[in-house]
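Let's walk through this structure together, one spot at a time. Please keep the model open beside you as you read.

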Amino acid sequence: MLLHIVARGRIGRSPEAELVERYLKRIAWPTRVTELPDTGGREPDRVAHSRRILLDEKGEVLASTAFAARLGRWRDDGVREARFLIGAADGFNDADRAEADLLVSFGRATWPHLLARAMLAEQLFRATSILANHPYHREG
């Protein structure tokens, strides 16, 4: 299953970009990052059998194991792409939220977009590690 991050804004050459790249390189699953301008631009066409996940302040706060379980279920059900969207500064509107398969929040604090992208990359690595029974994730 392809893990596809679609993010508004350019990350450029920054410490956050290095973090994102570090985690994405460690993921055994295929990954892709698509950057869109802050305004305008178009999300790539959806592929059949995909899931659309919005990082949104109104989303579910999932434990890492629950997030991994969700990805594992989708993978096992034949989902071809899990597309994670990070919005612009004003986030997503109600219509975007209604079209999403899942809304995920990294807590009630407000995070800068570049950090949210790095946090997502780390959680994707952690989730795939959990599913592979790799010792990276520690609990309790």
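Leu55 counts as buried because its relative accessibility is 13%, where buried means under 20% relative accessible area, exposed over 50% and partly exposed in between (1.4 Å probe, protein chains only). Before going further, please note that this is a predicted model, in which local features need pLDDT of at least 70 and side-chain atom pairs count only at pLDDT 80 or more, while totals for chains, interfaces and linings use all residues. Residues are numbered from 1 along each chain as its sequence is written, and side-chain values use heavy atoms, with hydrogens and water left out.

You will find Leu55 in strand β3, residues 50-60; strands (E, at least two residues) and helices (H or I, at least four) are DSSP runs, numbered from the N terminus. Which residues surround Leu55? Leaving aside neighbours within four places in sequence, Leu55 is in contact with Phe84, Leu85, Ile86, Phe92, Val104, Phe106, Ala116 and Leu120, contact meaning heavy atoms within 4.5 Å.

Now turn to Gly87, which lies in the loop between β4 (81-86) and α3 (94-99). Is Gly87 buried or exposed? With 7% relative accessibility, Gly87 counts as buried. Not counting residues up to four places away in sequence, Gly87 touches Arg8, Phe92 and His113.

Next, follow helix α4 (residues 113-131), which packs against helix α2 (residues 64-76) at an angle of about 70°, with the axes 8 Å apart. Here axes are lines fitted to C-alpha atoms, for helices over the stretch in contact, and angles run from 0 to 180 degrees between N-to-C directions. α2 and α4 are therefore roughly perpendicular to each other, since angles under 35 degrees count as roughly parallel, over 145 as roughly antiparallel, 65 to 115 as roughly perpendicular and the rest as oblique. On the α2 side, the contact includes Phe67, Ala68 and Leu71, and on the α4 side Leu124, Ala127 and Ile130 are among the residues involved.

Finally, look at Glu122, also found in helix α4. Glu122 counts as buried because its relative accessibility is 11%. Beyond residues up to four places away in sequence, Glu122 touches Tyr23 and Tyr136.
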